[in-house]
Amino acid sequence: MDSDLVSLWLTLKLAGVTTLVLIVLGTPLAWWLSQRSRASERSWLSNTLKNIVEPLVALPIVLPPTVVGFYLLLAFSPDNLPGELWQSATGTTLAFSFYGLVVGSAIYSLPFYVQPLQVSFSALQRELIEAAATLGASPLDRFFSLIVPLCRRGFIIAICLSFAHTVGEFGIVLMIGGNLPDETRVLSIALFDHVEALDYGKAHILAGGLLGFSFVTLFLLYAVDRRWQNGTRTT
Amino acid sequence: MSLSIQARVKREGGFELDVNVTFPDRQVSALFGASGSGKSTILRLLAGLDHIPGIRVSFGDTVWQDTKTFVPPNQRHIGYVFQHLNLFPHLSVSGNLDYAEARRQSGGGLSRQDLLDILNLSNLLEKLPGQLSGGEQQRVAIARALLSNPDLIVMDEPLGSLDQAAKNRILPYLQRLHRSLEIPIIYVSHVVDEILYLADTVFEISAGRITGKNSVIDFSVSGTHINQPEAAAIVSCRVRSENEQHSLTELQFEDTQLLVSAGQLINGESVRVKIPARDVSLSRKRNESSIINVIATTIEHIHDPGTGASAVVKLKCGNQFLLALITRKSLQELHFEIGEPIFAQIKGVALMTQHDS
């Protein structure tokens, strides 16, 4: 297969798996962050913890990807605990592997998933949830029957942004993934290779493709946003 | 089954709740008090929506909350009607009702069709909440709460977010519901009119404490609200429909009669009648007048607020009481005295459709 097609497949797989990981881990995190209890002694600790975690989640927005990549590279080393645990569990190293990229991408795209969802959760009318509770819906039932449909806009935005952001990732991949065909050479890396080799024809295809993809994603996202905003304004 | 709450808690901002109440079974118990008196707090604690340690809530033999137990709200089977309109905005009226019906935990109670009929919802089913008026939304919310077949209903100022016209339309629905149900209803309001219309027993609450517990009949003629313009006496009468003429039905009130225009009353049945204080005037002689209901009473008490234009006179007739709203000018000029016999001329008599139990 053409190596660029392999890169395309790898990129989509990485973005897809990363988004799935974020849905599973980022959703409860966004919910937890959105639930600020009114000031009382019992909630002081929880609020303080949220005050610390919230900026931590946002860090990847401002940090150079190479900084995140550097620390991850250290963490993935079998000399350090996370890398050691991974190696004893799987027999492979995390650095320069696809799953290493998934971990890096999930951390790097975390704010793009958590923040829109957190905003959406915070805007929920608390009385709706309470009404569902008095009607006999358990907390999990309330989440799937009420909170997910009411926050569908937040979910769509969070999923699209984290997927697109992972597709566009470069620095972190370079730091922790290197450039291994079929394993870590995603589109943005392949583009870099073409430019280095002065193969501008192939570079144009990849660059143009990524540009088009990003534009279409954002265009659709704004369209969905406008439409659903109108649809729910009556509430 | 009766519902009890014992709570002695201090909340931030110095608000203290100190109550020990048992609400009677199969009745409408009203919690009456000003905003901020603790009414809603009590309801939220009853339903388990707020979890404050150190209180005890029980329903019949089941403990909902004490030092060891906390039953979450979804396991308490309470039909909760909130003050703010809170239908699920993404679901149609039908979808909102389905949501409750799918989660009901026991059979029985009012059926979906019963509720659609009583609350007059059949032609709204396909609409989204955003397309309904406030009154319609609140009727759907009431149907939704009842469709979960609750063991108990609590209503937190359910008419609070509605305008007067919508209130007047919805009150009769609430009364019809009350007659179709055999479960306790706790009704919270600061509006005297709603309380007089719906309640059987009234708990007055002030600054986090229960300050009075009375039947609605006693409540209507006592307490601080009787100086308000909407004050009215609720009295109990017996229907004597054999004496029907001129489209008027005769009601036996103590040892005298009241004539009301009301059809289809069962002879001998006991009914409640509301007599607004502003519709009662006083006269020392039995005048020739267009007013048909004139009753001999004695003056029990005079509430002169000392300022403003009007005062309230409490009148005794047999074992029951009436209120008359008169100007302070007349009060001074006519020199009414306590114990003095006086004729009450009653211009308005409203039959409360509610049956007396």
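Domain bounds, as used in these legends, come from an automatic or database domain assignment. This is a predicted model, in which local features need pLDDT of at least 70 and side-chain atom pairs count only at pLDDT 80 or more, while totals for chains, interfaces and linings use all residues. Residues are numbered from 1 along each chain as its sequence is written, and chains are lettered from A and ligands numbered from 1 in the order in which they are written.

**View 1. The two domains of chain B.** The assignment divides chain B into domain 1 (3-220) and domain 2 (232-355), and the C-alpha centres of these two domains lie 33 Å apart. Where they meet, seven residues of domain 1 of chain B are in contact with ten residues of domain 2 of chain B, two residues being in contact if their C-beta atoms, placed from the backbone, lie within 7 Å. On the side of domain 1 that touches domain 2, α5 (164-180), α6 (192-198) and α7 (216-220) of chain B each supply at least two residues, and α7(B) gives the most, with three residues. Helices (H or I, at least four residues) and strands (E, at least two) are DSSP runs, numbered from the N terminus.

**View 2. An open sheet in chain B.** Five strands of chain B, in the order β15-β19-β16-β17-β18, form an open sheet with antiparallel pairing, where two strands pair if DSSP finds at least two bridges between them. Because β15 (280-283) and β18 (320-327) of chain B stand at the edges with a single partner strand each, one side of each is left without a neighbour in the sheet. Strand β17 (residues 310-317) of chain B is joined to β18(B) by eight bridges, and the two run antiparallel; B:V313 is placed opposite B:A324 in β18(B).

**View 3. The contact between chain B and chain A.** This contact takes 20 residues from chain B and 18 residues from chain A. On the side of chain B that touches chain A, the elements giving two or more residues are β6 (78-81) and α2 (93-102) of chain B. The residues of that side divide into ten nonpolar, seven polar and three charged, with Ala, Val, Leu, Ile, Met, Phe, Trp, Tyr, Cys and Pro counted as nonpolar, Asp, Glu, Lys and Arg as charged, and the others, Gly among them, as polar.

**View 4. The fold of chain B.** Chain B has eight helices and 20 strands, and its C-alpha trace spans about 65 × 50 × 35 Å along its principal axes.
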